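User: I would like to learn how to read the features of a protein model, one at a time. Please give the general idea and then the case in this structure.

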Amino acid sequence: MTDRPPFDQALARLRAALADVANGDVAAIKALYAQTDEATSFYGWGGYEKGWEQVSRRWDWAGRQFKGGTVRHENLTTVVTAELAYTTDIETFETAMDGMVGKARWANRVTHVFRVIAGEWRLVHRHANRLEDRYEPALRLDTTEG
């Protein structure tokens with residue numbers, strides 16, 4: 001078995017880091033990430049990033065959007081093996097944002113993937129997108145020929 005800290009410590013760091021993000025501070029989430037080419041992110045505002053440089057820049061951009069608020073998590077699953085772990089959550093932000101009056105509130109479906117690197121749990125992937133009601137695929141797909 002790999003010598004590593006318990007996963008619950010990494011999960012607590014993730015939750016605290018995301019609370020900081022809601023207040024515009026991305027230092028802790030960036031410190032938790034694997035700062036390697038394997039780092040990836042699929043953010044709730046579209047697009048994707050691959051590699052630490054791109055992921056880091058996107059976190060910096062995201063941090064500039066948030067002006068103070070909270071985030072809470074409803075954990076759906078947590079799976080931990082010797083070298084890899086993942087969580088799925090419903091993540092709800094309530095925060096002031098750049099260019100808005102009052103606080104915005106929304107929920108994401110979120111997956112976080114961790115890997116043991118040099119004896120520590122490091123975040124290697126975040127996938128977040130809006131939690132929506134179920135819908136029929138035909139209602140959302142583009143049917144124009146192009």
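Analyst: This is a predicted model, in which local features need pLDDT of at least 70 and side-chain atom pairs count only at pLDDT 80 or more, while totals for chains, interfaces and linings use all residues. Residues are numbered from 1 along each chain as its sequence is written, and side-chain values use heavy atoms, with hydrogens and water left out.

User: Let us take the sheet. In what order do the strands of the open sheet lie?

Analyst: Strands of a sheet pair through backbone hydrogen bonds, either parallel or antiparallel. Here helices (H or I, at least four residues) and strands (E, at least two) are DSSP runs numbered from the N terminus, and two strands pair if DSSP finds at least two bridges between them. The open sheet has 6 strands in the order β2-β1-β6-β5-β4-β3, with mixed pairing. Its edge strands are β2 (49-50) and β3 (66-80), each of which pairs on one side only.

User: How many bridges join β1 to β2?

Analyst: Strand β1 (residues 40-42) and β2 run antiparallel and are joined by 2 bridges. Thr40 has Lys50 in β2 as its bridge partner.

User: Which helices pack on the sheet, and which strands do they touch?

Analyst: Contact means heavy atoms within 4.5 Å. Axes are lines fitted to C-alpha atoms, for helices over the stretch in contact, and angles run from 0 to 180 degrees between N-to-C directions. Helix α1 (residues 7-21) packs on the sheet and touches β3, β4, β5 and β6 (120-130), with its direction at about 155° to that of β3. Helix α3 also packs on the sheet, touching β1, β2, β3, β4 and β6, and its direction makes about 130° with that of β3.

User: In what sense do β4 and β5 pair, and what about β5 and β6?

Analyst: β4 and β5 pair in the antiparallel sense over 13 bridges, and Thr88 stands opposite Thr111 in β5. The β4 and β5 hairpin has 5 residues between the strands, and Gly99 there takes a positive phi near 80°. β5 and β6 also pair in the antiparallel sense, over 10 bridges, with Arg130 in β6 as the bridge partner of Asn108. The hairpin of β5 and β6 has 2 residues between the strands.

User: Now the charged side chains. How many salt bridges does the count come to?

Analyst: Side chains of opposite charge can pair when their charged atoms come close. A salt bridge is a side-chain nitrogen of Lys or Arg within 4 Å of a carboxyl oxygen of Asp or Glu. By this rule the count comes to 9 salt bridges. One of them joins Lys30 and Asp60, whose closest N and O atoms are 2.7 Å apart. That pair links distant parts of the chain, with Lys30 in helix α2 (residues 27-32) and Asp60 in helix α3 (residues 52-65), 30 residues apart.

User: Are Lys30 and Asp60 buried, exposed or partly exposed, and why?

Analyst: Lys30 counts as buried because its relative accessibility is 16%. Asp60 has a relative accessible area of 29%, so Asp60 is partly exposed.

User: What other salt bridges can I look at?

Analyst: Glu49 and Arg58 form a salt bridge with closest N and O atoms 3.1 Å apart, and both residues are buried. Another salt bridge joins the side chains of Arg105 and Glu94, at 3.9 Å from N to O. Arg105 lies in strand β5 (residues 103-117) and Glu94 in strand β4 (residues 84-97), so this pair ties together parts that are 11 residues apart in sequence. Arg105 is exposed at 53% relative accessibility, whereas Glu94 is partly exposed at 36%. Arg13, Glu120 and Arg122 are linked in a network of salt bridges.

Key: Buried means under 20% relative accessible area, exposed over 50%, partly exposed in between (1.4 Å probe, protein chains only).
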